Amino acid sequence: MLFTAELSEMPVEAESRVIIRFQDCDPLMHLNNSKYFEYFFNAREDQVSKLYGFSFEAMFRELRTSWVVYQHQIAYVRPALISEWVRITSRVIYYNEDTMVTEYFMTNDLRTELKTMLWTTSKHISITTGKRVPHPVEVMDYLKATCVPDLDFPNMQFNDRIHAIKHGLSAGTSV
């Protein structure tokens, strides 16, 4: 089964609390730039499994499809430091028939300071042919249920989004 949660019970935003590990840091005690991707992707995998009952393995097995990364946009705003507790938020901000854009951002533990933001564009492909294929109905229903509403992604600018998230954090509101 691809999803075990009911569509009506699927939250739009997911959050994890993690600690920055010593082995992932550079000599300046900052999280190594390449490690941000691992932290974001591992958090998202755990989040969708817990919140939606989604399994990438089930997608492979049942649908014979997957998402592959097409593009990243990342901004390193403030460093995440060794042994620091941080929060990782992830959410779908756009989708169409064969594309999904996931927004990730990392904050300090109090959610008052933005550390990093990432947009990942993924394409839906057949694992048999390696070519793009449309999302099946159950995936489109999931994307519709979990996509952040009222965002005009095609007209959004990455840097403007960073400022909006920073403003939301300082105001204590969700963006």
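Mentor: A residue is called buried under 20% relative accessible area, exposed over 50%, and partly exposed in between. Keep in mind that this is a predicted model.

Trainee: How exposed is Glu57, then?

Mentor: Glu57 has a relative accessible area of 46%, so the residue counts as partly exposed.

Trainee: Which residue does Glu57 form a salt bridge with?

Mentor: The general idea comes before the case. Side chains of opposite charge can pair when their charged atoms come close. In this model the partner of Glu57 is Arg61, and their closest N and O atoms are 2.8 Å apart. Both residues lie in helix α2, which covers residues 56–63, and they are four residues apart, about one turn of the helix. Arg61 is partly exposed as well, because its relative accessibility is 48%.

Trainee: Where do Glu38 and Lys35 lie?

Mentor: Glu38 and Lys35 are both in helix α1 (residues 35–52), three residues apart, again about one turn of the helix. They form a salt bridge whose closest N and O atoms are 3.4 Å apart. Glu38 is partly exposed at 40% relative accessibility, and Lys35 is partly exposed at 22%.

Trainee: How many salt bridges does the structure hold?

Mentor: The structure holds 15 salt bridges. One of them joins the side chains of Glu13 and Arg91, with 2.5 Å from N to O. This pair links distant parts of the chain: Glu13 is in the segment before β1 (14–19), while Arg91 is in strand β3 (residues 85–95), 78 residues apart.

Trainee: Is Arg91 buried or exposed?

Mentor: Arg91 is buried, because its relative accessibility is 2%.

Trainee: Which residues are linked in a network of salt bridges?

Mentor: Glu15, Arg17, Arg87, Asp109 and Arg111 are linked in such a network.

Trainee: Let us turn to cysteines. How many disulfides are there?

Mentor: A disulfide is a covalent bond between the sulfur atoms of two cysteines. Here the count comes to zero disulfides. Cysteines can still be read for burial. Cys25 counts as buried because its relative accessibility is 17%, and Cys147 counts as buried because its relative accessibility is 14%.

Trainee: How many residues are in the largest nonpolar core?

Mentor: To read a core, look for buried nonpolar residues whose side chains are joined by contacts. The largest nonpolar core in this model has 15 residues, and those with the most contacts inside it are Leu2, Phe3, Tyr52, Phe54, Trp67 and Tyr142. Helices α1, α2 and α3 (137–146) each supply at least two residues of this core. Helix α3 gives the most, with three residues.

Note on methods. Residues numbered from 1 in each chain as written. Predicted model: local features only at pLDDT ≥ 70, side-chain atom pairs only at ≥ 80, totals over all residues. Heavy atoms only, no water. Disulfide = S-S within 2.5 Å. Buried < 20%, exposed > 50% of the residue type's maximum accessible area, 1.4 Å probe, protein only. Salt bridge = Lys/Arg side-chain N within 4 Å of Asp/Glu carboxyl O. Core = buried A, V, L, I, M, F, W, Y, C linked by side-chain atoms within 4.5 Å.
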